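This report describes the ligand sites of one structure, shown below. It goes through the sites one at a time.

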Amino acid sequence: MQHNVREIASHFDIWGDFLWYERYGSGHINDTYLIVFNQAGYQVRYILQRINTSIFKKPDELMENIARVLDYSKRQLAGRKDATRRSLTLLGTTDGKTYYTDPEGNAWRAYLFIERARTYDILESAKFAYEAAKAFGSFQRLLAGLPGERLHEVIPNFHNTPSRLADFDKALAENKLGRAAEAKAEIEFVQSHRDMASVFVDLLAKGEIPERVTHNDTKINNVMLDDETGEGVCVIDLDTIMPGVSLYDFGDLVRTSVSPASEDERDLSKVQVRMEMFEALAKGFIEGSGDCLTPKEIELMPFSGELITFEIGIRFLTDYLQGDTYFKTHRPGHNLDRCRTQFTLMQRLMDCEGEMKKVVAAVTKK
Ligand code: ADP
Ligand code: GN1
Ligand code: MG
C-alpha cells in the first residue's frame, strides 16, 4: 500500500525540512520507514512506523504500554550520556500525542533513529549472540521492576501455544482454500507433537513459573548491536510488551539465532543447531537478567526454543491454510516454506536437547 509519508511525518513534532524517505526493515507485520530531515544543514534520521491495526486492534493501549515502559526505562538511564541510544525515544505528535491517526484510520508513531548500530537477520558470530541475549536479559530485568498496574494484553493469548493449536485445528477443519493437501507432512508433524504445546501454560497455571512483563517478540532482528563494539545497545519492536512468560522470550532468541539458515530457507539441509550460539545465548541471557530468573525458568531454557519454534511453525501453517492473511508474504507458498523451516529446526533442537541441558548446567555453574 502507498502512504503519503511526507504528509504523515508533518504531524510529528520534528524540526527542519523533510528531505526523503525509504522503506526499512524486514518485519512481517508493521510498515517501517526511514525518514530524513534537514536540520540546519545536518541530515537527521528518524523511524516512522504504521502500526498494523488489523492485528493490533487497540493502538491506544499498545502505545500506552510502550510509553510506560520507555518512561520507566529512561528514568533508569537518567544521567547517562547515551540514554537515547540505550532505549527507544518516542516523538510526540504536533498535538501532543504518542501516535497519529491518519484519515484512513492508520495509526503512526515515530522514534529517534539509533545511529551507529544495526540489526541482523542472521547472526554470524557467537559474540553477537552473547551481546544480543545479554541485552534481552537486561531488558527482562528492567521490566521486572516496572511499577504500576498490569500492562494491557495487546493481543490476548499471544504466546498461549494450546490456543494457537486450537486456531490451527479450526483452520484445518475449515480448509477453506483446499491447501491442507499440500501440507500433509506438516499437519502430521503438528498432530504427533501436540502434547508438548501446554507445557508453559500449565506450569504458569500451577504457579511453577511466574508471569512477568515480557517482550514477546525477541527475534534476533529486534535488538540493535553497536557497529563498533557489537554490544547490544537497544531492544526495539516493543508492540508486544505485555504480561507473559520469560521462557518464550529466550526461546525466540534460540529459534532465530542458532541456525545459520533464514526463517524461510527452502534448503532444509541448511537448518542446523550451532551449539556455540546456544551457549552464547544462554550465557548472555542469564547474565543480563541478573538474578531475576527462577531455577525452573533456567531448567526449561533448552526446551523453550523447541516450544516456541513449534508455536511459530503452527502459526505460519495456520496462516497458510487460511490464505495468508496475517503475515506479510513475498511468494506463493511462503508461509508453508516458513512452517517447514520451523518444524525442521524444532526437530533438530529436540535431537540435541540433552546437549543443550549440559550447556545450561555448565553456564550456571560458573
Ligand atoms: P517490525 O515490526 O516491522 O519488525 P521494527 O520495529 O522491528 O518493526 O523495525 C524494523 C527495522 O527497522 C528494525 O529491524 C531495525 O533495523 C530498524 N529500526 C527500528 N527502529 C529503529 C530505531 N529507532 N533506530 C534505528 N533503526 C530502527
Ligand atoms: C512477527 O513483526 P515481526 O516480524 O517482528 C510476529 C511474531 C513472530 C514473527 C515471526 C505481532 O514479528 O510473533 O514471531 O513475526 N509478530 C506479531 O517471524 O504477530
Ligand atoms: Mg522487528
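## Ligand 2

A backbone N or O atom of H28 is 2.8 Å from an oxygen atom of ligand 2; such a polar contact is a pair of N or O atoms within 3.5 Å, and within protein one must be able to donate a hydrogen and the other to accept it, while residues adjacent in sequence count only if both atoms are side-chain atoms. Side chains reach ligand 2 as well: a polar side-chain atom of K219 lies 2.7 Å from an oxygen atom of the ligand, and a polar side-chain atom of D237 lies 3.1 Å from an oxygen atom of ligand 2. On its own, ligand 2 has 440 Å² of accessible area, and the protein covers 97% of it; accessible areas come from the Shrake-Rupley method with a 1.4 Å probe, and for residues only the protein chains shown count as cover.

The model is predicted: local features need pLDDT of at least 70, side-chain atom pairs count only at pLDDT 80 or more, and totals for chains, interfaces and linings use all residues. Residues are numbered from 1 along each chain as its sequence is written, chains are lettered from A and ligands numbered from 1 in the order in which they are written, and side-chain values use heavy atoms, with hydrogens and water left out.

## The shell around ligand 2

Ligand 2 is surrounded by 17 residues, the closest being D217, K219, E263, R315 and Y326; a residue is near a molecule or strand if one of its heavy atoms lies within 4 Å of it. Seven residues of this shell are nonpolar, four polar and six charged. Here Ala, Val, Leu, Ile, Met, Phe, Trp, Tyr, Cys and Pro count as nonpolar, Asp, Glu, Lys and Arg as charged, and the others, Gly among them, as polar.

Helix 11 (residues 301-322) gives the largest share of the shell around ligand 2, three residues; helices (H or I, at least four residues) and strands (E, at least two) are DSSP runs, numbered from the N terminus. Domain 1 (5-115) and domain 2 (126-365) each supply at least three residues to the shell around ligand 2, with bounds from an automatic or database domain assignment.

## The magnesium ion

The protein donors of the magnesium ion (ligand 3) are N222 (OD1) and D237 (OD), 2.2 Å from it. Donors are N, O and S atoms within 2.8 Å of the metal (3.2 Å for Na, K and Ca); water is not among the atoms, so sites may look incomplete. The pair links distant parts of the chain, 15 residues apart: N222 is in the loop between strand 8 (212-214) and strand 9 (223-226), and D237 in the loop between strand 10 (232-235) and strand 11 (242-244).

N222 counts as buried, at 4% relative accessibility, whereas D237 is partly exposed at 26%. Buried means under 20% relative accessible area, exposed over 50%, and partly exposed in between (1.4 Å probe, protein chains only).

## Ligand 1

Around ligand 1 there are 18 residues, the closest being Q49, L112, I114, T119 and D237. A polar side-chain atom of Q49 lies 2.7 Å from an oxygen atom of ligand 1, and a side-chain N or O atom of N222 lies 3.0 Å from an oxygen atom of ligand 1. Taken alone, ligand 1 exposes 550 Å², of which the protein buries 93%.

The shell around ligand 1 holds nine nonpolar, eight polar and one charged residue. Domain 1 (5-115) and domain 2 (126-365) both give residues to this shell, so ligand 1 lies between them.
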